[in-house]
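Let's walk through the charged side-chain pairs together, one question at a time. Have a look at the model first.

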Amino acid sequence: MVDSGDKLRLQDCKRELMQLLNQEKLAGATLFIFCNKQDVAGAMSPKEIKEMLGLELQEGMQNRNWGIMPCSAITGEGLLDGMNWMVNDIKSRIYMMD
């Protein structure tokens with residue numbers, strides 16, 4: 001979950017995320033990002049956050065299941081959709097293991 005209203009902290013988030021994604025034990029792990037605080041004026045859109053995090057440019061992202069979705073922890077908007085996305089992703093990978 002990222003704070004859509006805090007551009008400065010997003011740079012720290014990018015650095016930490018890239019370190020995590022480069023860990024061998026997380027190779028192939030799904031990544032899902034909730035863009036929180038969409039109810040706050042001036043919040044960055046998921047597209048802006050995706051670009052700031054460099055998700056499409058990051059090596060290995062082409063082979064990784066990932067998603068990004070707007071949400072608000074205050075109103076609950078987007079939370080159920082995000083959880084459904086994660087459940088469907090897990091479900092699709094479980095069947096691949098048969």
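## Salt bridges

Q: Which residue does the side chain of R15 meet in a salt bridge in this predicted model?
A: The N to O distance of the pair is 2.4 Å, and the cut-off for a salt bridge is within 4 Å. The partner that meets the side chain of R15 is D12.

Q: By about how many helical turns are R15 and D12 separated?
A: Both residues belong to helix α1, which covers residues 7-21. Because they are three residues apart in this helix, their separation is about one helical turn.

Q: Is D12 buried, partly exposed or exposed?
A: Buried means under 20% relative accessible area and exposed means over 50%, with partly exposed in between. The relative accessibility of D12 is 38%, so D12 counts as partly exposed.

Q: How many residues apart are D3 and K37?
A: The side chains of D3 and K37 form a salt bridge at 3.1 Å, N to O. This pair links distant parts of the chain: D3 sits in strand β1 (residues 2-3), while K37 lies in the loop between β2 (31-36) and α2 (46-53).

Q: What is the relative accessible area of R9, whose side chain meets that of D6 in a salt bridge?
A: The side chains of R9 and D6 come together at 3.4 Å, N to O. Exposed means over 50%, and R9 is classed as exposed because its relative accessible area is 52%.

Q: How many salt bridges does the structure hold?
A: The pairs include R15 with D12, D3 with K37 and R9 with D6. The number of salt bridges in the structure is three.

Methods: Residues are numbered from 1 along each chain as its sequence is written. This is a predicted model: local features need pLDDT of at least 70, side-chain atom pairs count only at pLDDT 80 or more; totals for chains, interfaces and linings use all residues. Side-chain values use heavy atoms; hydrogens and water are left out. Helices (H or I, at least four residues) and strands (E, at least two) are DSSP runs, numbered from the N terminus. Buried means under 20% relative accessible area, exposed over 50%, partly exposed in between (1.4 Å probe, protein chains only).
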